[in-house]
Amino acid sequence: MLGYVTIGTKDLDKALAFYDAVLKPLGGERKFPMPEGRGHFYAGNGHGMVAVCRPYDGNEATSGNGTMVALDCPDHDTVKAVYDAAIAAGATGDGEPGERIPGVFYGAYFHDPDGNKLCAYKMG
């Protein structure tokens with residue numbers, strides 16, 4: 001149901017390097033640039049896309065309280081690989097990989113260098 005999510009950044013080069021590493025375990029790679037060099041769209045495993053960019057209105061990018069991007073993973077090993085790649089690329093951990101709802105939801109949480117909260121997860 002989700003088409004794409006946009007993640008704002010204050011430092012585009014740093015953010016693109018971060019998401020190159022974090023989305024790689026999911027098959028994510030830069031697919032096409034946004035107009036005016038504002039950022040890039042990533043696509044990967046057949047699901048929705050992720051856009052990483054400077055805000056269109058030219059104002060500072062901010063992370064929202066309660067806003068989170070969830071990355072659908074095929075298995076628990078990929079959840080760990082995404083989390084490990086995020087931490088290695090400069091993320092702040094906010095919940096190591098583990099079961100959140102036993103037998104239903106397995107996830108890991110982290111904040112990117114701009115403070116945006118993400119979750120790598122596997123249902124079931």
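Helices (H or I, at least four residues) and strands (E, at least two) are DSSP runs, numbered here from the N terminus. The model is predicted; local features need pLDDT of at least 70, side-chain atom pairs count only at pLDDT 80 or more, and totals for chains, interfaces and linings use all residues. Residues are numbered from 1 along each chain as its sequence is written, and side-chain values use heavy atoms, with hydrogens and water left out.

Strand 6 covers residues 92–93 and contains Gly 93. Gly 93 is partly exposed, because its relative accessibility is 36% and the class lies between buried (under 20% relative accessible area) and exposed (over 50%), with a 1.4 Å probe and protein chains only. Contact means heavy atoms within 4.5 Å. Apart from neighbours within four places in sequence, Gly 93 is in contact with Tyr 83, Ile 87, Tyr 109 and Phe 110.

A nonpolar core is a set of buried Ala, Val, Leu, Ile, Met, Phe, Trp, Tyr and Cys residues, joined through side-chain atoms within 4.5 Å. The largest such core has 26 residues. Tyr 19, Val 50, Leu 71, Val 82 and Phe 110 touch the most other members. At least two residues each come from strand 1 (4–8), helix 1 (12–23), strand 4 (49–53), strand 5 (68–72), helix 2 (76–88), strand 8 and strand 9 (117–123). Helix 1 gives the largest share, seven residues. In soluble globular proteins, nonpolar side chains tend to be buried together. Leu 71 has contacts beyond four places in sequence, among them Val 22, Val 50, Val 82, Leu 118 and Tyr 121.

Arg 30 has Tyr 42 of strand 3 as its bridge partner. Five residues lie between the strands of this hairpin. One of the loop residues between strand 2 and strand 3 is Glu 36. Its phi is positive, about 60°, although Glu 36 is not a glycine. Glu 36 is exposed, at 67% relative accessible area.

A salt bridge is a side-chain nitrogen of Lys or Arg within 4 Å of a carboxyl oxygen of Asp or Glu. Five are counted by this rule. Lys 10 and Glu 60 form one of them, at 3.8 Å from N to O. Lys 10 lies in the loop between strand 1 and helix 1, and Glu 60 in the loop between strand 4 and strand 5, so the pair ties together parts 50 residues apart in sequence. Lys 10 is partly exposed at 49%, whereas Glu 60 is exposed at 60%.

Asp 20 and Arg 30 form another salt bridge, with the closest N and O atoms 2.8 Å apart. This pair links helix 1 to strand 2 across 10 residues. Asp 20 is partly exposed at 30% relative accessibility, and Arg 30 is partly exposed at 36%. Glu 29 pairs with Lys 31 in a salt bridge, where the closest N and O atoms are 3.0 Å apart. Glu 29 has a relative accessible area of 43%, and Lys 31 has 46% relative accessibility.

Technical notes
Two strands pair if DSSP finds at least two bridges between them.
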